[in-house]
Structure formats: C-alpha cells, structure tokens
Amino acid sequence: MAEALVSQILEQLISVTTEQIVENAVVEDAEKRQVKETSVKRWLDKLKDISYEMDDVLDEWSTAILKNQIHKDDDKPLVLAPKKVISFNPFPAFSFNHGIAKKIKVINGKLDRIAKEKDRYFVSSIRAPQPQQPERVRQQTCSFLDVSEICGRDQDKETLVRKLLSESNDKLRILSIVGMGGIGKTTLAQLAYNDDEVKAHFEMRIWVSVSDPFDEIRIAKAIVEQVVQSGTTLVELESLLQSMSKSIQERKLLIVLDDVWVEDYNKWEPLKHCLQFGAQGSTILVTTRKERVAQMMGSSYMFQLQNLSEGDSWSLFSKLAFLGRSSEECEKLEEIGRKIVLKSKGLPLAAKTLGSLMRFKRTKVEWQSVLDSEIWEVEEIENGLFPPLWFSLYDLPSTIRRCFLFCAVFPKDYEIKKDVLIKLWMAQGYLNSSPSKEKEITGQEYFESLAAHSFFQDFIKDDVGSIIQCKMHDIVHDFAQFLTKKECLIMEVDSKNKSSMDAFYKKVRHLTLIRASEAQMPVFNYNAMNTRTLLNLAEDISLPDLFDHLTRLRALDLNAAAIKELPIKVRNLMHLRYLNLSRNTGLYALPEEVCDLCNLESLNLNWCQSLKRLPQGIGKLINLRHLELEETSNLGKFPKGIGKLSSLRTLSKFIVSGDRVKCNIVMLKNMIHLQGVLYIDGLRNLVSVAEAEKAKLKDKKNLLGLRLEFSGQRIEGGMDNDDDVIEALQPNPNLESLHILSFQGTKLPSWMMILTNLRELILKDCKNCENLPPLGNLPALELLEIWYMYQVKTMGLRFLGMAAHDGTPKEDDILNTSSTTAFPKLKRLGFYGLIEWEDWYDWTGWKDDSLIMPTLGCLTIEYCPKLKALPHLLQTAPVQELTITGCPMLRQRCQEESGEDWAKISHIPCIKVDVLTR
C-alpha cells in the first residue's frame with residue numbers, strides 16, 4: 001500500500017511541477033526581473049527552496065530503490081541504465097516507510113501555494129514569449145578564446161616600466177596601481193612584470209595574488225616558496241618571516257602584491273619590515289581598487305589607471321565580436337557595435353565580455369536587441385559592469401547558467417581545476433545528458449561555452465593545448481556571488497570563536513571553509529542543514545559531527561584534513577556523489593560503510609600514502625565513475641568486488657593479485673568505459689597469459705594512457721615469461737601515452753608499432769632488452785625516454801625505422817622510399833643510465849628529402865659512460881637545449897671549439913655538459 005500511495009502522490013507532484021510551476025517562460029521571466037522587483041525575487045527564492053526539497057525527497061526514494069536492487073544482485077556484476085528521476089512506474093515491490101509519503105504531501109502543499117503566488121505575479125505581467133533561439137552548447141567555430149593582445153595600454157606600460165627601472169634612495173620602494181574593478185590593473189602589472197628590461201633589472205621577481213581576506217601566513221609562505229623554489233612545511237607566521245628575511249637578504253627583488261584590499265596597517269606591518277631585508281632598490285608593486293590601501297602600505301608613487309579610450313575599447317570589442325565574419329557583415333554591424341561599445345564605459349573587462357557575447361549573435365536584429373535592452377538601466381553592480389555580464393550570462397542556456405553560478409563557491413583568485421569542476425557539476429545533477437553522451441563530455445562542452453563567453457581567464461593548458469586550469473576575474477566572481485547571495489557562502493573559521501550559522505544561513509546550499517590567518521586548528525559548528533556542497537580549504541579543520549548534521553551533501557571535499565580514520569557515520573550521507581579524501585596522508589583504511597554510498601560517482605584517494613586497503617564491499621558502488629589512487633604506494637591487494645564497477649571512467653591504479661580467488665587482472669574485463677591513464681602494477685603476479693588476454697585492454701578505446709609495471713618478486717605459480725605477458729596486454733590503437741617499467745623480458749611488444757597516436761613513450765628498467773624496435777616510424781611520438789636498458793650497445797638505422805638492423809650503416813641500408821622522415825614529431829628525447837651503449841649511428845648520405853627528427857628541441861643524455869660520439873643528425877635537427885651528464889667520452893668530444901663533436905652542436909643555444917652551461 002505504501003508504494004501505491006507514494007506513486008499516486010508523486011504523479012500529482014510531478015503534474016503540478018511541470019504544468020503549473022516550472023514553465024520555462026515563467027522562470028526565465030522571473031530570473032530577469034528579480035534584480036529590479038523584490039517580490040519576484042522572493043517568489044523565485046521560494047521556488048528554488050522547494051525545488052531543492054523536492055529533489056532531496058525524490059533522491060531519497062530513488063536511493064532506496066537502488067539499494068534494494070543492489071541487495072538483490074549483490075553477487076552479480078551490475079550494469080544500470082541511466083537513472084531518470086521522474087520515471088516512477090512501475091514501482092518496486094517492497095515496503096517503504098510512510099514518512100516519505102508525508103514529506104511529499106507537505107511538498108505538494110507548498111507547491112500549491114507557490115503556484116497561486118505565481119498567478120498573482122505573472123498572469124498579468126508575463127512578457128510575450130520571445131522567439132526561442134536554439135540552445136548553443138558547443139560553438140561550431142571555436143570553443144574558447146584567450147585574448148593574448150592587449151589594447152590601449154602601451155603608454156601605461158612604458159610609464160610604469162620606466163618607474164620600476166628608475167633609481168631610488170629608499171631601501172624598499174612601494175609603488176601602487178590604483179583603479180576601479182575591471183579596468184586592467186592586473187593586466188598592466190603583468191605587462192611590466194614580464195618586460196625584458198624589468199627581468200634584467202631585478203635579481204628575482206615574485207608574484208603573489210593577495211585578494212581578500214589578507215592572509216599574512218599565506219603571503220609569507222608564497223614568497224618563501226618562490227624564493228627557495230620549493231615547498232615549505234612552516235605554518236607559524238614568525239617562523240615564515242624569519243625564513244623569508246634570510247632567503248631575500250641582499251637580493252634585489254620585485255614583488256607584485258596583486259589585488260590588495262586590507263586597510264589595517266597592523267596586518268601589513270610585519271611583512272613590510274621583513275621585506276626590507278632585500279637589497280637596495282627592491283620594489284613592491286601593489287594593485288588595488290582603493291587609494292586608502294595604497295596610502296596605508298606606504299606607496300611613494302600611485303599610478304592612477306584610466307579607462308580605455310573609445311578607440312581602444314572598440315579595438316578590443318571588435319577583435320572578439322567580428323571574429324570569423326566577412327568584411328560585409330562587419331560593415332553592417334559596425335554602427336550598432338560602436339554604440340554598444342559605449343556601454344562598456346572604457347572598462348576592458350566589459351568590452352571583452354560584450355565582444356565575446358556579440359560574437360555569437362549573427363543578425364542585426366539581435367545586436368539591436370542588446371543595445372535597446374532595459375538591463376542597461378540596472379546599477380546594482382559597481383561601475384556598470386553588471387549589464388555586460390548579465391547579457392553574456394543570459395545568452396547561455398539555463399543548464400549552463402547554473403554551472404556558472406555554482407562557481408561562486410570558490411574563493412576569489414582560486415585556481416579552478418577543470419576536471420574537478422566538472423565532477424562537482426556532475427555531483428549536483430547539472431550534467432544529466434542523454435544516454436548517448438557521457439556526462440563528462442557534456443561538462444566539457446559547458447566549460448568551453450563559459451570560457452568562450454569570457455567567464456573564465458588565466459588558462460593553464462596541457463601539452464596538447466587543452467585547458468586544465470583557470471581562474472575567474474574578481475568582478476566576474478562578484479557577479480556570481482551577487483546572483484547567489486543566499487545559496488553560496490565562503491566562511492572563515494578559526495580556533496577562537498566557533499563559527500555558527502543563524503537562520504539566514506540555513507538557506508546556504510554550497511559552503512566553502514577557509515582558515516582565518518591566525519587559526520591553528522579551526523573548528524566548525526553546524527546549522528547549515530541544507531548544504532549540498534562542502535569544500536574544506538581550511539585543511540586540517542576539526543569536523544567531528546559533520547556526518548550527523550550535513551546529511552544532504554552531494555559533494556564533500558576533505559582534502560588534506562588530517563583524517564586518520566573516516567567515521568562509520570559516513571553512511572548517513574546517502575545523497576553523496578563526490579568525495580575527495582586526497583592528501584590525508586595518515587588515512588590507512590576506509591570503513592565498509594563507505595560502500596553504502598550507492599550514489600557515489602567520484603572518490604579521490606590521491607596521495608593517501610598510508611592507505612593499505614580498499615573496503616571489501618566496494619562492488620556496491622555501482623555508480624562510481626572515477627576512482628583516483630595516485631601516489632598510494634602502500635595500497636595492497638584489491639578486493640574482488642572491484643570487478644563489478646562497470647561504470648568506471650577513471651581507475652588510476654590497479655594491482656594484480658596472483659590469487660585467482662581474490663583480485664586478478666580479469667576484473668578489468670567489464671570496465672569498458674575506462675578513460676585517461678591506467679597504471680597496472682604487480683604484473684609479475686599473473687598466473688597465465690589467458691588472464692592478461694581476458695582483461696581486454698584492446699577493447700578500451702577511450703583509454704589514452706597505460707603504465708605497465710613488472711616490479712616485485714614473482715609469486716609461486718606466476719608467469720615466468722614477461723615476453724608472452726606483455727604481448728597479451730595489447731591496448732587499443734588510440735593510446736597516446738605508454739610506460740613500460742621493470743620489464744624482465746628480452747623483446748619489447750610487437751604491438752607498439754601499431755600505436756599511431758602514441759605521443760609519449762617511456763621505457764624504464766627493461767634491463768634484458770638488447771634491441772629497440774623501429775621507434776622512428778611512430779608518426780605522432782613527441783616524447784621518448786629510455787632508462788636503464790643495460791643490454792643495449794648500439795642504436796642506428798633500425799632505431800630510426802630506416803633499416804632492418806642497428807649495426808654500422810652501409811650504402812644499401814637506405815630504404816627505397818621517395819621520402820623518409822624518422823621521428824617526424826619528436827620534441828624531447830632522453831637517454832638515462834644506458835651503461836653499455838657505445839654507438840649511436842646515423843647516416844650522412846640521406847637523400848635531400850629525407851629527414852631525421854625535424855622537430856627535436858631538447859636532447860638529454862645522462863650516465864652513458866661508453867657512448868663514443870654524438871650523431872650527425874644534431875647538425876640539422878633544431879635542438880635548442882642539449883644536456884650531457886656523466887658521459888666522460890662525450891665531455892671530451894664536446895669541448896668548446898676543440899672537441900671533435902663541437903661542430904655538430906655549436907649552433908645549439910643552450911648546452912649543459914656536466915652542469916657547465918654555455
């Protein structure tokens with residue numbers, strides 16, 4: 001009877017929600033009117049509250065169904081279809097607590113009241129529906145634009161650089177750039193900081209992003225780490241100041257303190273006194289919005305940054321807005337565009353945001369609509385920056401808008417890792433895409449769309465140019481927080497006063513904890529009962545009752561929280577999708593109760609260096625998509641149940657057990673969705689080649705990186721032929737990175753040469769291999785490192801892929817091809833510890849159209865004592881950096897001017913031979 005009752009109420013609830021409340025036109029209209037109409041904002045807040053409440057109840061119900069299904073199928077590998085929250089029929093045939101029915105009845109009553117209020121606010125005032133533009137999730141032309149050229153700041157840069165280079169009688173000189181938000185203070189500071197004359201003038205340059213609050217410990221730590229170029233374990237301010245004063249002593253420094261807000265001299269005084277230990281002429285460059293800050297810090301010069309001219313604003317705007325358009329289109333839109341540019345009021349951020357927005361508006365009507373909008377009348381955000389950001393945000397679909405608003409949970413100037421952000425979006429249910437598309441792909445597209453609209457900046461990219469990290473401009477961050485005032489909170493906690501929350505904060509859904517600058521062991525109290533995200537950036541904070549109170553969490557980040565044992569009450573977090581326990585170096589095990597978190601999608605255990613085992617019931621985590629285990633050196637055998645995790649996309653480490661009853665490599669068979677990099681350790685424990693074949697690495701087409709480790713003692717019954725084992729571990733041809741470590745066989749796998757997408761290859765401790773395959777034929781290879789291959793004596797034409805052997809080249813060894821290129825894309829090449837290597841042959845009689853390593857930029861040769869000479873290819877390869885260490889014969893041959901190999905390398909800009917640098 002209970003499930004029938006729940007079914008009836010849920011159907012009614014869904015009907016009310018879809019037909020009376022969540023009409024797109026109503027919600028869109030309410031979101032746009034909330035800034036100017038308080039009553040509409042109150043109604044929208046109520047709707048959000050009830051939506052969260054409804055989502056919790058529905059999730060509770062679907063979780064109960066899921067747990068029952070897991071219980072029934074506990075001994076079977078389980079593959080679930082994507083969960084659809086509103087599909088409630090047929091209902092499972094098991095009893096359910098009447099409490100769920102009561103909750104739904106209460107929600108239904110609230111929805112009725114909200115529906116009546118909606119009629120009062122919107123029936124007479126709802127605007128006529130506008131023609132719907134198709135949702136633009138991923139732009140067809142480009143996914144993001146990182147503006148590299150700066151408009152209108154040449155003279156400002158010149159003035160500031162001249163000031164930095166001028167002499168001063170002050171022991172420590174302080175200069176300030178002052179200006180309103182979004183005017184380009186940080187950009188100007190960066191231009192001066194990276195100027196070649198400035199680099200030459202100062203012995204060392206240090207950049208610190210200060211922001212608000214002013215954390216003396218963090219600032220001092222940042223300076224010390226940049227000076228000594230390594231991390232520090234110091235946490236006390238006094239210890240850090242002493243270390244800083246010693247490390248900077250008599251060194252001429254340029255220190256940029258970017259985005260300073262503090263006006264309290266007592267906060268600044270200890271740092272200022274300590275920085276005076278630098279050499280005469282050391283300079284601090286401050287950027288701030290407030291003159292009072294510049295005065296308090298003792299600035300001898302204040303550079304008042306002015307707005308861009310109309311012409312410079314137009315240059316910046318048009319460079320973005322007209323990208324990819326024909327000259328005819330640009331002419332038609334220029335008149336309206338120049339009027340829109342006037343709305344930016346000379347602020348670079350506003351011009352850039354508007355340009356990014358208009359790039360995706362194709363027609364003159366769309367441009368005119370932006371120009372005529374009443375949004376320009378809103379003055380809620382300082383200096384008129386609100387309207388451009390508003391336009392850009394509401395040019396995006398609602399699904400992407402909520403992803404942007406979630407970013408208000410991060411502190412200002414926070415380095416946002418893209419993959420973590422996407423996992424957090426996924427935990428909130430923001431990426432529920434179709435069954436044919438991965439959630440992670442949807443998240444990637446949303447991120448790129450936000451980047452294309454200039455909501456992110458300061459991108460860091462990987463070797464192939466993909467963004468891996470970004471920041472938000474502080475004005476963009478202010479904008480996000482303005483729109484999420486009650487939902488996102490960044491709280492400072494300390495050890496003196498327990499942080500508490502009144503009724504206002506019970507509306508908080510996303511909470512970030514940061515440590516007060518003087519706190520030793522912060523403590524946190526719980527009144528935020530409805531919190532769905534908790535990010536702990538205070539590190540070793542005391543959170544003793546978290547699992548009793550914050551039971552609605554979807555995402556929990558306890559990175560570096562000094563956790564040694566996770567409480568069994570973690571099972572209370574039934575809604576949890578994201579759990580980050582990384583860098584808890586004392587955590588030795590997870591309780592079995594973690595396996596009750598059947599909704600969990602991401603579990604991060606990276607750098608949990610004491611972790612010895614995973615819970616036996618891990619197979620119950622059937623929704624787990626990401627299991628991160630990097631730098632877990634003490635982790636032992638895996639539980640057998642891991643083979644049931646068929647939803648995994650990330651498994652950074654897998655340990656092979658020789659026990660057939662426990663976890664062997666066959667458990668990888670069902671993990672057909674694996675992506676990223678997989679590290680397989682304990683391959684010497686394999687009992688048969690058949691087991692390796694059953695892992696079906698060849699079928700894992702999304703796996704881009706593979707690390708095969710053969711280290712350890714071979715167990716009784718284990719395979720004694722690594723050659724056969726590695727042949728059976730053939731990956732998919734899509735593989736881009738391959739590491740083979742501690743391989744005891746004599747022959748590297750034949751399948752290496754079909755990896756046409758391979759970009760990175762590292763061979764380490766393959767001590768019994770005498771010959772290398774024709775690696776020069778790998779068309780995409782960019783990085784090659786060869787370590788400790790003690791049997792290799794010769795490298796030559798076979799290694800280059802140009803002959804069948806590696807011996808002394810002969811005339812008939814040249815291949816009968818019209819054009820031959822060996823290692824066509826190789827950029828970095830390194831040889832380490834090849835103690836028997838004597839000859840590196842190449843051939844000087846190549847045809848004119850034959851090339852060897854035409855893109856090689858860096859060559860390193862270390863501890864190859866018998867190597868007789870460098871090859872002739874170095875005369876034509878574009879090497880920029882050559883490092884030779886521990887190679888006595890080469891050291892003699894590479895002596896400047898007199899060495900026999902000097903003619904081969906004299907053109908290389910940077911040559912390091914046994915640490916001596918040319």
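The model is predicted.

The protein chain contains 26 helices and 31 strands. Of its 918 residues, 54% are buried. The accessible surface amounts to about 40,600 Å², and carbon and sulfur atoms contribute 48% of that area. Among contacts in the protein chain with a separation of 6 or more, 64% are between residues 24 or more positions apart.

Helix 9 spans residues 237-247, and its buried residues are Leu-240, Leu-241, Met-244, Ser-245 and Ser-247. These residues lie on the same side of helix 9 because the arc they cover around the axis is only 165°. In general, an α-helix has 3.6 residues a turn, so residues three or four places apart point the same way. The cover over the buried residues of helix 9 includes helix 8 (216-228) and helix 10 (265-275).

Strand 28 comprises residues 858-862; four of these five residues are buried, so the strand is largely enclosed by the rest of the structure. Strand 28 has parallel pairings with strand 25 and with strand 29. The pairing with strand 25 (residues 828-832) consists of five bridges, and Leu-859 of strand 28 is found opposite Leu-829. The pairing with strand 29 (residues 881-885) likewise consists of five bridges. Here Cys-858 has Glu-881 of strand 29 as its bridge partner.

Strand 8, formed by residues 467-471, also has four of its five residues buried, and is therefore largely enclosed by the rest of the structure. Strand 7 and strand 8 make up a hairpin in which five residues separate the two strands. Within the turn, Gly-465 adopts a positive phi of about 90°.

Strand 28 and strand 8 are thus each described as largely enclosed by the rest of the structure.

Terms used: Residues are numbered from 1 along each chain as its sequence is written. This is a predicted model: local features need pLDDT of at least 70, side-chain atom pairs count only at pLDDT 80 or more; totals for chains, interfaces and linings use all residues. Side-chain values use heavy atoms; hydrogens and water are left out. Buried means under 20% relative accessible area, exposed over 50%, partly exposed in between (1.4 Å probe, protein chains only). The arc is that of the directions from the helix axis to the C-beta atoms. Contact means heavy atoms within 4.5 Å. Accessible areas come from the Shrake-Rupley method with a 1.4 Å probe; for residues, only the protein chains shown count as cover. Two strands pair if DSSP finds at least two bridges between them.
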